[in-house]
Structure formats: C-alpha cells, structure tokens
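Here is a short briefing for a reader who is new to this structure. Start with the sequence and the model below.

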Amino acid sequence: MGLLGFYLRKAYTLFKNQILVLPSRTAVLLFALALVCLPLFTRDPYLLRILIFTAIFAILAASWDLLSGFTGQMNFGHALFFGVGAYCTALLNLRLDFPPWISIPIGALGAVLTGLIVGIPCLRLRGTYLALTTLAFPIILMGVVFAIPDITGGELGISGIQRLSHSRVTDYYITTGLLLILGFVMWKITDSKTGILFHAIREDEVAVRASGINTTRYKLYAFCLSGFFAGIAGGLYAHIMRTAGPSTLEVALSFQIVIWAVFGGIVSIYGPVAGVFILYPLLEFLRILPKVRMLVFAFIVLLTLLYMPEGLIPWIRDHIEKECPRCKIRNVAFRKECRVCTARLD
Amino acid sequence: MKKATVVWAILLAIFFVMGVGFPVWGADEIKIGVIGPMQFTQGEGHWNGATLAAEEINAKGGVQVENAWLPIKLVKVDSNEFLSIPDATNAIELAISRHDVDFLVGGFRTEAVLVMQDIAMDNKKIFMGCGAAHPKLCERVKEDYDTYKYWFRITPINSRYLVKVDFILLGMVAKIMAQQLNIPKVKVAIVAEKAVWADPIVGIAQKNLPKMGMEVVGVWRPSPVATDVTAELSAMQRSGAHIIFTTFSSSVGITFAKQWGELKVPAAAVGINVEAQKDGFWAATGGKGNYTLTINTYARVKITDTTIPFYDKYKKRFKEAPNYTAGTYDAIHMLVDAIERADSLDPDKVVPELEKTDKMDTAGHFVFDETHDVKWGPGFVTALGTQWQDGKNVCVWPLNWKGITYEGAVPYVVPPWVVEAYKK
C-alpha cells in the first residue's frame, strides 16, 4: 500500500512538473484525452470514419517527419512505404488468412525491407537528387503492380480484405490508440541518443562521420524505422478500406504527406500529427463549398505557410512558450525566470 | 383530467411507435444520393440525368408508396474519386449517415466504387451503378448474394461487352471497306493510348484480328495527353493500314482525330474515342474529326420510344448531348418503378422487384442477369456505334445487326479520301 502511494505521488509529481508546466504538453494531453473520450459523446459513423483516416494519415505524416524532418533525408515518395504496407497486409490477410493483428505488423516489416532497398541506393544522394530518386520508387512499384495483376489485382487492387474489427467504434479506438502509442514511440526515438544522431546527420553529416559514427548505418536505420511506421499506417488503411489499390502509391499521396507535415511543422513529430488533424477534417468541412473546395484549401495552406514558414504548431508554441537562453529548457511565456536555472527569460 | 392525460400519453406513444416502426409513414420524401466526381464531366452527367428524372417524376406527383405520394429529393454528393479514394468513402458515408439518403446512384472509378459498394451494402442501401464497367462489381453479387444484392449496374455495359462491341464495329468497317474498295485482306494499325486500361484491348486485338481475317501492321502507343501524333500517323500510313483501330479515353483522342483529318491518312478510324462521344469534339477538331467512329451510349436515334425525347430534353436543358453517366436517368426511373411495385421503401422488398425489371428505357431494353448486371445483346441494351458525319454524331450501328436496326441509324460512310486512295 505504501509502495503504491509512493508511485502515485511520484506519478503526480511528474505529471505536475513535466506536463502541466508547459502549455504544449498540456495541450497534447488534452488532445489525447479528447480522442479517447470522443465516442462517449458521439458515435456518428461519418465523424468516426474521418477521424479514423485522420489517425492513419497522422501516423504516416509523423513517420515522414522521422525520416525527412529529423534525419534530413528528403523523401518525396513516402507513399511507397504506405503502399507496400497496404499491399503486404492485404496479401497476407487474403491469401494466408492472417488476422489483422498479425497481417499489419508483418506487412509493416515488408515496408521495412522496402526502406532498406530504397535506402541503399539513396545513401550517396542528397537534397534535390535524393528527393527525385525517392519520388521514382512508388512510380516503379506502381508499374510492377500493373505488370503482375494476378498477384496485385492490377488497376483494381486487392479487395475483400477482412475488416479491422466489427464495429466503427472499435476501429476508431484501434487507430487512434495506435496513433497515440506510435506517436509517443516516435517522439521518444527522436529524444533518444539515436534521435540526436539523426539531428546531427541532418545538420552536418561530415562532422558526424568525423566523430567516428557510422552515418550510413543510421541513415538506413532511419529509412527502416520510417518505413515500419508508414507500413503500419498502410496496413491499417488496407483493413479499414478493405482494399489495397494503386491509389496507395500515387504521387499525389506522397505530396499530400509533405503538405500535412510542413503545414503542422517538421522536426517535431507532433507537428505533422497536428497538421493532419487540422487539414484532413478541414478538407471534409470544405465540402460546403464544392466548386472552390480545393482552391480554398490551397489558399489556407499557402497563407499559413507564408506567415508561419516553420509550420503552424511551432509558431503557436513559440508564442505561448519561450526557451531559456542559458539552459535551453522551455518555459511558459508569462514566466520571468527559467523554471530550472532561474535565469531571466526576457 | 388525469384520465385524459393518460389517453393523450398512449396516443402519443402509438404515434411515436408508428413513426419509428414504419419509416415510410414518417417519410415525406424519397432521398436519392447522386454520387460521382461532380467537378468533372462524368459527375455532371450523373447529376444532369438524375435531375431530369426527378423533375419528371415529381411533376407527376411523385412516387406512390403505401397510399402516399412522395416527391424525390436528390442529394448531390461529390466523391472526388479521381483524386482521392478516402474522399469517395467519406462522401458516401456522409450521404448515408448525415443526409440519410434512401438510395444511391452513380459512381465512376472502379477502385473507388468497390469501396463505396462495401459501405452501401453494409448499410443495406440500394446502389445503382452508373459509371464503372468492370465485371468484378457484379461478380460480387454472385459470390455473396446476401451482402451484395443491393447493387445493380445500369450503365455502361460490362467492359467485356464493350470490347465485344468494339470488335463488332471494327468487323463492320472492315467488311464495308473490303466490299466497297475491293480490298482482299484488310490491314489494321492498332493505336491505343499508353494507359493500363488499354493494354488488354491491344492484346486481344493482336490475337483476334488475324482470326477475323485481318492483318495487324503494327501497334502504336502515344501518351494519353500527346499534343502531336503526326509521327505515328505517318508511320501508320507507310505501313499500308486500311483501318486504324483506336483506343482513346483522354485528350489524345482529339489530337489524333484532328491530325488524321488534316493529313488525310488513307485509313478509316474506328474503335473507342471517348472525346468523340462529346458534342465539343467537332469544334475541338475544327471539323477535321469528320468520319471518326466510336462506341457510344446515346445518340439521337430511336433505341426505344423514350430515347429521342430524353436526348432532346437533355440537350435543350444542358446544351450538350448526354454521356453514358447520364444513365442515372434510367436508373431512377427503374428504381421508382420497383418501389411502386414493392409498395415500400424497404430495400429488401425493392431488390426482388428490381430483379424483375423488364423495361424499355432510354438506353434500351433493361433486364438484369443473376449478377445484377444489365443484359447485353440483341433485344437488350446494345450500346451504339456513332460516326461524325458533317458535324453530326450519328448512329451507324446497330444497323441490320442480328435483326436489330434503330430507327434513325444511317449507314457508315468511308472517309472520301480513303475511298479515293484505294478505289481502283
């Protein structure tokens, strides 16, 4: 009993000193709570469907951030991992009768393998050349999909896949639950030693190599990790849609991922997640203006990025929090002194 | 006083139960969701056809169900399916759960329709397909009847039949040319846009044309958006082709027809050219697309008694000829007939009535097979072959085909420069 009390007190202290001290962390907590509690207030199938897709695409956008934002490996063909995850999951489910909880992680391993295959030829490339090369891969795979229709279903894709679950609310909890878990895992990765090395590779790869670190290994690691998370998103998508088709490999999807991530703010994990949670439902809402839907959408994105070039979430965060000039710890904006080192914040 | 309150409460409860238990008593209209890519010509066709049908039915007082006359209310649902499949699924979910539609008509891109079909079936909504031709959509009805019985395809005919019509048209032109120009063995150049959907047609053509007594002189695959195909046309001319067998769905159809007419390539153009189905084709090719022959669904020809009135009304109202997605017009009329026969809006009662459909509608005689696909063949829906003849897109097939001739159909005309080139 005494031990339980100790841990409860410890958890409360951590909660108070690590989460409630910063508005951004409090907002993330409230966001997670809102997601968990939503079905208690509404079970509208349309709303839940949108949020299911939003959660899936949020995992996808965050996985892009892990590779392109943190490691600087600009990937313009991220739909490749998504598509491979979707197709592998679909084939495993349809041909081998694997249930979703097995087909999705194994399908994601297919995307990891793809990450390795793509990563190796891309190791020597940087910037524009890397971006263009990555763009080519989903197009190549789409050609393969059309070339072997007996396996891939050709232009129709693979349909008749098992449902993720038998209720919309369960689907919702699985997808949003996975978003919260995988989002947290990705965030912890970026906060770990590996994450710091990803950062360093992006900033100055030569310096990192000069420090005796095998950057090749870490870059491949980033490709594989990113592929895994995107593959999970692809697998979820396949089971929700009950189909995996060529549209999962489309160039438009790859660019959409970049738009979501850049709009939310890259190099943060939560930025791309927020980007998807704002933009995807917004596009649905804009159905009220059918003729100019895409135009208004593009205008909003453009305007936001014009005034908030680092993305919406970093802009908001910089207005409600400030960084201590001495210890680099973030503080709520109205504080005069740093909460850790008591240095003046003005 | 207390007794009166109890009576009122019982009466209110009865009305409530009646309202919930018998939806049609509570319903004051029939909501039909028209789903399609509304920012594109295909979606416009869906909406325009449905609008005309709903207006006609409402003008007659609506639909008679259980002694009530219910008007039709159309709900426009933009699936955006060309650009995003999730968008299409959200759209159909929106139509079902928010707009509370009773029935659905439309759909275009097969990959999207497959997913939309699943959602409609989960919700037991009758979905009348008016755009996707792939056989898979109807095969599902046979594979799992209880789940997919709410799906029916109205237009176009199954893609297998479309290919069949394509080859019938080619055979017809080959026969006419052989007879008129004394060509012993007709040579055919195959030209198909570089797109996945065209690949099987090219393969079948290469395999089947020799069996049909024709010689394949080559295959050309320009880009679907090519703006210049003179090189291909010159090569076809040098190959000695008498016929160019076309498979185009994109803008290359205009480029090809225009340059074919300008160069006066001595080979007749026949096959699929979606651009040539549109009214704007004549102006887009500057009249150079004259004599182009394509598969079509509608022309000003008497397929049935309702075809010409529908065609004229559509053209007057929307300033263009109907395309095949305007088959929503037939779909809604068929649906209304089935509802009235079933005397119910309950989909499980309407489905058996739809299965019994035996109706002459604008595109032909509609009967569904066991997969809920529209039957094709003489005496059923046939599709058309239409040729541009001096600014008019006229029907040239069926004309004495297995005893079928549509009133208003005219003979195929071999382009004069082709006659000139081969006449001995």
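**Briefing: two chains and their contacts**

In chain B, the centres of domain 1 and domain 2 lie 32 Å apart, taken over C-alpha atoms. Domain bounds come from an automatic or database domain assignment. This is a predicted model: local features need pLDDT of at least 70, side-chain atom pairs count only at pLDDT 80 or more, and totals for chains, interfaces and linings use all residues. Residues are numbered from 1 along each chain as its sequence is written, chains are lettered from A and ligands numbered from 1 in the order in which they are written, and side-chain values use heavy atoms, with hydrogens and water left out.

**The two chains**

- Chain A has 15 helices and four strands. Helices (H or I, at least four residues) and strands (E, at least two) are DSSP runs, numbered from the N terminus.
- The radius of gyration of chain A is 21 Å, close to the 20 Å of the globule rule for 346 residues, so chain A is as compact as a globular protein of that length. This radius is taken over C-alpha atoms, and the globule rule is 2.2 Å times the number of residues to the power 0.38.
- Along the principal axes, the C-alpha atoms of chain A fill a box of roughly 65 × 55 × 55 Å.
- Chain B has 16 helices and 18 strands. Its radius of gyration is 24 Å, close to the 22 Å that the rule gives for 424 residues, so chain B is as compact as a globular protein of that length.
- The box for the C-alpha atoms of chain B is roughly 105 × 40 × 40 Å, taken along the principal axes.

**Domains of chain B**

- Domain 1 covers 23-156 + 303-367, and domain 2 covers 160-296 + 383-422.
- Nine residues of domain 1 are in contact with six residues of domain 2. Contact means heavy atoms within 4.5 Å.
- The two domains bury about 690 Å² between them, 56% of it on carbon and sulfur atoms. Buried area is the accessible area (1.4 Å probe) that two parts lose on being put together, summed over both.
- Two salt bridges cross this interface. The term means a side-chain nitrogen of Lys or Arg within 4 Å of a carboxyl oxygen of Asp or Glu.
- Lys315(B) and Asp279(B) form a salt bridge through their side chains (3.4 Å, N to O).

**Chain B against chain A**

- The contact involves 27 residues of chain B and 29 residues of chain A.
- Together the chains bury about 2,400 Å², 50% of it on carbon and sulfur atoms. Asn90(B), Glu93(B) and Glu111(B) supply 22% of the area that chain B buries here, more than any other three residues.
- Eight salt bridges are counted between the chains. Arg49(A) and Glu93(B) meet in a salt bridge at 2.8 Å, N to O.
- Helices H4 (85-98), H5 (110-122) and H6 (136-143) of chain B each supply at least two residues of the side that touches chain A. H4(B) gives the most, with 10 residues.

**Backbone details**

- A cis peptide bond joins Thr155(B) and Pro156(B), with omega about -5°. Pro156(B) sits in the loop between strand S7 (151-155) and helix H8 (159-181) of chain B.
- Trp397(B) and Pro398(B) are joined by a cis peptide bond, with omega about 5°. Pro398(B) is in the loop between strands S16 (392-397) and S17 (399-401) of chain B.
- Arg242(A) is not a glycine, yet has a positive phi of about 65°.
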